[in-house]
Structure formats: structure tokens, C-alpha cells
Amino acid sequence: MTICTINFIKHVLRKFLRIDIAFAALVAGNAYAVAPEACDPGPVARDIQIVITKSAEGAVASYRFSEPVNCFRLADAGSVRKLTWKMLTAGTRLSENGNVVFMEKARTGFQVLLQPFQYDGQIDRTYSPVIVFGDGSSAAIYTAYLLGESQPGKMTFNYRGFSPFAPVGKIGHQSDVAGEHPGYLIVGSPMLVQQGKASMILDRALPVWLRAEVTKQLRQGVATLSSVAALPGKMSYLLTYTDPRSPGAYWRGDTLHQFVRLNFFGEKWQHEDPALAAAATRFGLHELFHLVNDRIRSGQPGDGSLSLLEGGAEAAAATLMHRSGELDDTGFVANMDSAIMRCLAVTGDTLADKERNNTRSTPYACGEMLQYLAASTLKKKVGQADMLAIWKALLSRQKGEAYGWDEFFVALRQEADPAALEQISMLEKLVGGTASWHETLGFFEARSVLRKRDDAELRRPEQSAFYAKFILWQMLEGHCNGRFGINSINADYILDAPPESCSGLPDKFRIVAMNGHRLADEGYGAYREQIRRCAAGELTELKDDQGEIRTATCGKAVRQLQLYSFGRNH
């Protein structure tokens, strides 16, 4: 039995803040909605040992206290525990807010099954307490969920059924140094590949083509980003592949200090595909950039901080792909235009409105668009200047200190063409909430940075998916009275809703056409016809894959979009 000891401290990680923001909207009975239960542990256990045991369902954590206690108060993120912890010891229970374990009588320990986090049937690898590798050999355990609120002594991890990964204490966050942050503990026997100063921790189940593509792009990304900012001297990457029978292709990732985690799941990854290769590349470079831009001041939805964080990473990933030739000029402009479309599809007149209305999409889409608008003001000294020049100036000025939009705009002015300063002022007004998106985009159109897109462009089949999702969501928001979702599989759109939510529309209803237009390639036509029908008070017609037509009410007027494109001047 191998022992790894870390100092047992309370530390709230950047990602923890984002977990609780997301779960406040997603999880009923989360830690913010439930009053904390009193915990009087009696004698305080100075030292705690946790034994990690391999389990077919995940992993079992066995807590052992140096003295008997009546309860054990854990660190924050109880909403995750409520969904993933299963108490195994009789006479123990998890509190309503998920932050306290209560015992019927004082005892020296308890056992809990740690299960992967699932939401709507989809395993979310980002916030999962345990990630079991697809090959079954290893697991990544997020130690922060196991930590107590405060503890005077030390915490010791032991292992049964798992041996700690050989370089334990050397990989990413793992260290015996007192005060080290909690993070992922790698246990088992994964594949290890050294790539310069980086350690690649690999799941043997990962498809060979995918592993080769991601590792190549990460190597190139590191080389380029090294000219933008100082990267950690030693880095670790964790790549896993699970759920090979689930339809589709999904991914989740995160960064912690010197550690980049990329988790892939779904059947489609088993077959090499150029579109999936591009998605995997962008995903990996996005997370890699977070090692550079993670000093952003933490904030709340509505203050723009998340849009600077995630939008910066989205734009950086696309820019790195453009620099390497993975995206040609046409593809890069199409990517910029996609950011505009996805941002404007979110309800709200200002950045703050959009962030509060949709914390999942806005920081990525609107934040990315803001990066491209900012880059349009740069001096074109040699070739085409891009947004990485702004980040290089920003990170050089900050020297490791936290920053926000104010510091970003100072760095932008340093690099911008003097003739474009009023455009920067307009972006400041947008971020500050004193200008709307409509005003801002019109302002940039007047300066030939953007141009309005015409009907002929929007009717192209490649735009169909955007309009199909947009108009279906608009229609269902007006027609349904309860919770619903839309899943897309092979250009069909599947309604995911309890029977009582959407009158006349069955759960799992597979929608292939709307208002006489096929959603696979005529999404814009369905959108335009829905505008007409709602204005005339007519019903919406939805056709399934068997040819059956069902009708639904419009509910409310369709929100009309004026879309733009980045022109040649960008």
C-alpha cells in the first residue's frame, strides 16, 4: 500500500465557482437554496485517512478518523455530492445541502461510493468526482470533493485495487508540498508518453487516430503560445475515452494549474473524421489557452468576466488553428461569423443581459465575437494581426497579476491603430452595459468591419442547422409550459420533454420538417415561414420521420435576427 500525503486545507478553486453558478440553475435543492444543518462533531479528529478502493461503479472512499466524530463538514460543492455520492455505511447520511456527513452515533469512519456525475443521462466529465478510464485500468479522482471545510492535521490517501500512478507527486497538481491545491489524483496503470517537458497520461481505449491528432495539435499549440506568454515549466495532459456505445461524439475538459484534462465519449470517435478532428483540435487548444488566461478575476454572470475567460480561449483556439493552417482564410471567417450567429441567438440587448440569460452559450459565443471585434482595431504591421497580440501585451503588462476587461482594453489601446480608438470605446460601452449589441454591430458595420448578410447567404444549406435550432427553440418556448430540451442526431431534431410539458407533442418526437421545410437543409425557410405564421395567428406544422404531422401554437412572436459577417477589411 502506497501513501501520498497532502496538507488538508480549504481551498475554493476557480472552477468550483463556476460549478455552483451552473448548478444553481440546474439542480433543485442545491447548496444555495437549502439552509445549512448544524454540525457539532464533538472531538475534532486531527488526522484523516481516506482509502480509495476500485469499484465497478466508480470508486469507494473509506474515511478513517483519528478520533470518533458525530459529523464531518466538507468543503463547498455539495450540489455535486447530492448527485454522485451514495452513503454505504449504515447510520450515516448526507445533509440536504450536501456539505455535511451525519452519523447516528460517534464513529471513527464511514464509506461512500463515488459515482460519475450525470445530467440528463449524459455523463459530464467536467465536474465528475471520479472518471474511470475506458480501458478499466485507471481512474482520475477529483480530491476537492473529498476535502473537509477545515482540519488541523494531515490527510492521507491510501489505495486498494488501484496503485497510485508511478510519478505520483510529480504529475500536474500532485505534490507532497504543504499547501498544494486539491485536484485530480491519477490511480492505476495508464499509458504514459513524454512530450518534451509534458507528461501525456493516456487511456488505452482512446482511438489511435484521435490520440495522434490531439497530441500533435497540443505540441504545436505549446510552441505558438510560448511566444505569447510563459507556460508552466512542467505540464501534464490527461486524455480519456469512455462510453463507446453512446450515440454521437461529446467532449468535456478543464485545466487545473499545470494540468489539462480532455475527456472524449461517444461512439463516433471510433471512426476517423475530419470534422471531429477539427472539433478535437479546437477543444484541446481551448483548454490549453486556459493555462495562459486563467488569471482573470472571478465574477458573476452579468459582469463579463466569464466572456473574457471563455471567449478568449475560443478565439485563441481558432486563431491557433488558422496560424497552423488547420483553418484556411475562408474557414476562419466562417468561424468568426458563426460566433456572431450564436451570440445573437441568445436573448438580451447587452452583454450582461445575455450572460444572465444563458451562462452556457454567452461566454463562449459572445466572448469570442468580442475578441474578433477587438482584433479588428489592431495595427496591421506585418501580415494579418490577430487577437493573440492583445493577450501578449496584456499578460506582459500584468506579470502574473489578476486582470479583467479594464486591463484588457488598456492592452488593446497599446496595440491598436490610433484611428480605431473610438471603436475600442464602443466595445467598452458594450461590456459596461451602456451600449446594446444592435448599436455596437451597426457601429462596426459603418466602419466596414462588418457587413449585413443577405437572404441568399442565409438560405445556404450550411446555415440550416443554426436556423433550425433557433426557430425550434423559439417555438417550443412559446408552446411548452414546462421543461424541455432539443437533441440533434443526423440533422433530425428530437424533443426531450415530459408528456405534460408540451401539449400534443410526445416525448422523443423526432422532427424532420417544420412548416413544409426540411430542417436538414431548409432551416432558414422554416424560420421565415414561422415569422409569417405567428404574425397571422396560424399554427405551426411539425412533421416526424414517419411522415406524421402535428400542430403546435406559436405562443409568441418570433424574435427576428439581423446577422452580420466579417468583411475583407477584418
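Helix H14 of this predicted model has buried residues that include Phe 466, Tyr 467, Phe 470, Ile 471 and Leu 472.

**Helix H14**

- The buried residues of H14 comprise Ser 464, Phe 466, Tyr 467, Ala 468, Phe 470, Ile 471, Leu 472, Gln 474, Met 475, Leu 476 and His 479.
- An α-helix has 3.6 residues a turn, so residues three or four places apart point the same way.
- The 16 residues of H14 should span 22 Å at 1.5 Å a residue, and this agrees with the 22 Å between its end C-alpha atoms.

- Cys 480 and Cys 502 are both buried.

**Disulfide Cys 39–Cys 71**

- In the disulfide formed by Cys 39 and Cys 71, the sulfur atoms are 2.1 Å apart.
- A torsion of about 100 degrees about the S-S bond of Cys 39 and Cys 71 makes this disulfide right-handed.
- Cys 39 is found in the loop between helix H1 (14-26) and strand S2 (48-55), whereas Cys 71 belongs to strand S3 (residues 58-73); the pair therefore ties together parts that are 32 residues apart in sequence.
- Cys 71 has a relative accessible area of 4% and is buried, because buried means under 20%.

**Disulfide Cys 534–Cys 554**

- Cys 534 and Cys 554 form a disulfide with their sulfur atoms 1.7 Å apart.
- The torsion about the S-S bond of Cys 534 and Cys 554 is about 100 degrees, so this disulfide is right-handed.
- Distant parts of the chain are linked by this pair: Cys 534 sits in helix H15 (residues 523-536) and Cys 554 in the loop between strand S24 (549-552) and strand S25 (564-566), 20 residues apart.
- Cys 534 counts as buried at 16% relative accessibility, and Cys 554 is buried with a relative accessible area of 11%.

**Pairing order**

- With the bonded cysteines of the chain numbered in sequence order, the pairing reads 1-2, 3-4, 5-6, 7-8.

Terms used: Residues numbered from 1 in each chain as written. Predicted model: local features only at pLDDT ≥ 70, side-chain atom pairs only at ≥ 80, totals over all residues. Heavy atoms only, no water. Disulfide = S-S within 2.5 Å. Helix = DSSP H or I, 4+ residues; strand = E, 2+ residues; numbered from the N terminus. Buried < 20%, exposed > 50% of the residue type's maximum accessible area, 1.4 Å probe, protein only. Expected span 1.5 Å × (residues − 1).
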